[in-house]
Amino acid sequence: MGEWVIGAFINLVGSIAINFGTNLLKLGHIEREKHSTLDSDGTNGKHSLKPIVHYHSWRVGILVFLLGNCLNFISFGYAAQSLLAALGSVQFVSNIAFSYFVFNKMVTVKVLVATAFIVLGNIFLVSFGNHQSPVYTPEQLAEKYSNITFLVYCLILIFIVAIYHYIYRKGENLLAVSGQDNRYWRMLLPFSYAIVSGAVGSFSVLFAKSLSNLLRLAMSNGYQLHSWFTYSMLLLFFSTAGFWMARLNEGLSLFDAILIVPMFQIAWTSFSICTGFVYFQEYQVFDALRAMMFILGTASVFIGISLLAPDESKGILMSSLLRSIISEIWTVTYSLNFQVVRLKTIHL
């Protein structure tokens, strides 16, 4: 049995734990809102809100969420980042059971169809995805961080984050001033919020995989972990993971979970796959067939995720789906062309 199978299994367990923890976090926010309504002092129509840490379900949710992320951290040492990032969608399958037993939500035909798309997509991803996960030395990892393709990719992400953060702030200010229930901005706000969160939060996956790689290197070759590179990766990992956790918690309090969670997942998965392709050059094992099947698998997963969102959000979610697929195709094509040009230059 290949190491990637071990990594995939650990990641599946971790993803389910993350989903369980996320739902407990949302349950804590729901309990908070209920208690604030009961304990309202009636002053100016406002309700007193206790700190969220006072609620047991939220505290348990944090622990389960962290446990799931620890399992995912371990899994990155055994399988490709693009494969594991896409496999994270399995949490939506487990979410059906949680919604039914905890939130008493009925499982409709649409939900079953969405689940079928997600399961089918994951079968494609596991079958045709990258099954390699080589162990790199710290010098090799550092060289990849200074690669021109990766640096250009980072600049593009910075531009995307700046644009969508501006859109979010503009929409937030417009809604605050007008006070009207604008359907367009009501859907665009959570989408732009998720794009910013996913673009930055996806880098926690990259840093986690780098750290997991160093840990495997230490266990197999006796590499000394106390080095400037290890500490740099730790600092970057905790910074980006903390940002992702804070945005997720805030997003659950600002928006409906059934809307924001699919948007978060689509954004995070898209950027995580692209980052793995660019940094680790995971596209190199793909021929035309495997590349097409991997993209189809990703598209199937995203379609399933979008079907789980409310009907009024379909347009924006499907738009994000198309942008994600185009982004992946562009990333793979650009990277392949760049590598071909570089090899020709070296040959000459």
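Among the contacts in the protein with a separation of 6 or more, 83% join residues 24 or more positions apart, a contact being a case of heavy atoms within 4.5 Å. The model is a predicted one, in which local features need pLDDT of at least 70 and side-chain atom pairs count only at pLDDT 80 or more, while totals for chains, interfaces and linings use all residues. Residues are numbered from 1 along each chain as its sequence is written, and side-chain values use heavy atoms, with hydrogens and water left out.

The protein has 13 helices and 0 strands, where helices (H or I, at least four residues) and strands (E, at least two) are DSSP runs numbered from the N terminus. Of its 348 residues, 51% count as buried; buried means under 20% relative accessible area, exposed means over 50%, and partly exposed lies in between (1.4 Å probe, protein chains only). The accessible surface of the protein comes to about 16,900 Å², and carbon and sulfur atoms hold 69% of that area, as computed by the Shrake-Rupley method with a 1.4 Å probe, with only the protein chains shown counting as cover for residues.

Isoleucine 305 and threonine 115 are 190 residues apart in sequence, yet their C-alpha atoms are 8.1 Å apart in space. Isoleucine 305 counts as buried because its relative accessible area is 0%, and, leaving aside neighbours within four places in sequence, isoleucine 305 is in contact with Ser89, Phe92, Ile118, Pro262, Gln265 and Ile266.

Serine 210, in helix α9 (residues 203-221), is likewise counted as buried, because its relative accessibility is 0%. Its side chain makes a polar contact of 2.9 Å with the side chain of tyrosine 145; a polar contact is a pair of N or O atoms within 3.5 Å, of which, within protein, one must be able to donate a hydrogen and the other to accept it, and residues adjacent in sequence count only if both atoms are side-chain atoms. Beyond four places in sequence, the residues in contact with serine 210 are Leu141, Tyr145, Met233 and Tyr279.

Between α11 (257-280) and α12 (288-307) runs a loop that holds glutamine 281. Glutamine 281 has a positive phi of about 50° although it is not a glycine, and glutamine 281 counts as buried because its relative accessibility is 13%.

At the surface, Tyr100, Phe101, Val102, Met106, Val107 and Leu112 form a nonpolar patch with about 620 Å² of accessible area together. Such patches are made of residues with over 30% relative accessible area and no salt bridge, with nonpolar side chains (Val, Leu, Ile, Met, Phe, Trp, Tyr) joined within 5 Å and like charges within 9 Å. Tyrosine 100 is in helix α4 (residues 91-101).

Side chains of opposite charge can pair when their charged atoms come close. The count here is 1 salt bridge, defined as a side-chain nitrogen of Lys or Arg within 4 Å of a carboxyl oxygen of Asp or Glu. It joins the side chains of arginine 169 and glutamate 172 (2.8 Å, N to O), which are separated by about one helical turn because they are 3 residues apart in helix α7 (residues 148-178).
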